[in-house]
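I opened this entry to look up charge pairs and surface patches. My notes follow.

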Amino acid sequence: MTITLLAALSPITAVAQADTMSAAIASLEAGVICPPPTVGSTPAPGTLAGTTHLIEDEPPFVSPSQRVPAVIGIGFGIKSMATDPFGLQDVTITVTHPPMGPTAATTQSFQTRIDGTAPSLTFYQFDFDYELVQGPWQMQAEKDGEILFTTSFDVVAPQAAPDLARVCGFEELLS
């Protein structure tokens, strides 16, 4: 599992499909990404892997879809920016999904921040076969009891979204 955090340097131009979004969030974009190179990791005890990957360069969304093929290497997530130019510290991101892994976990969470001068990227990337669970997934950001945003994704069989399943060049993994 890879849940990745990044404070990007370019502004967001699109507004995403959020289920909920508070006034504390200036912009939000959702989509599918191909795996970027990692530069390290940070502890994330609320996740199955126990860490999250860190990246330097923000990958572009290869699709604004919230329908995600269950393929190793594919990622999906949110680019968000806070209304407050100083940003939001101590934000809890909770990812809810169908049961996975040896404990049949249905939620994973970690701490992050949302920048107020540039978008912050949070995404989930399929790194292991046990993560390829199909069904509804949700990413939610919360700070001090306030829901900042909630966005839903639908993870589907690769055959249900074949063009998107091939977009990152992992066709050999589809058979």
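I started with Arg113 and Asp115, whose side chains meet in a salt bridge, 3.3 Å from N to O. The model is predicted, and I read that distance as computed from it. Next I checked cover at both ends. Arg113 is partly exposed, with a relative accessible area of 31%. Asp115 is buried, at 12%.

How many salt bridges does the structure hold? I noted three.

I then looked up Lys79 and Glu58. Their side chains form a salt bridge at 2.5 Å, N to O. Lys79 sits in strand 7 (residues 75-82), and Glu58 in the loop between strand 5 and strand 6 (67-69), so this pair ties together parts 21 residues apart in sequence. Is Lys79 buried or exposed? I logged Lys79 as buried, with a relative accessible area of 6%. Glu58 is partly exposed, at 24%.

I went on to Asp144 and Lys143. Their side chains meet in a salt bridge at 3.6 Å, N to O. The cut-off for that contact is 4 Å. I have Asp144 down as exposed, with a relative accessible area of 72%.

Last, I turned to nonpolar surface. Which residues form the nonpolar patch? I found Leu48, Phe128 and Tyr130, with about 240 Å² of accessible area together. I placed Leu48 in the loop between strand 4 (40-43) and strand 5 (51-54). Leu48 is partly exposed, with a relative accessible area of 30%.

Notes: Residues are numbered from 1 along each chain as its sequence is written. This is a predicted model: local features need pLDDT of at least 70, side-chain atom pairs count only at pLDDT 80 or more; totals for chains, interfaces and linings use all residues. Side-chain values use heavy atoms; hydrogens and water are left out. Patches are made of residues with over 30% relative accessible area and no salt bridge: like charges are joined within 9 Å, nonpolar side chains (Val, Leu, Ile, Met, Phe, Trp, Tyr) within 5 Å. Accessible areas come from the Shrake-Rupley method with a 1.4 Å probe; for residues, only the protein chains shown count as cover. Helices (H or I, at least four residues) and strands (E, at least two) are DSSP runs, numbered from the N terminus. Buried means under 20% relative accessible area, exposed over 50%, partly exposed in between (1.4 Å probe, protein chains only).
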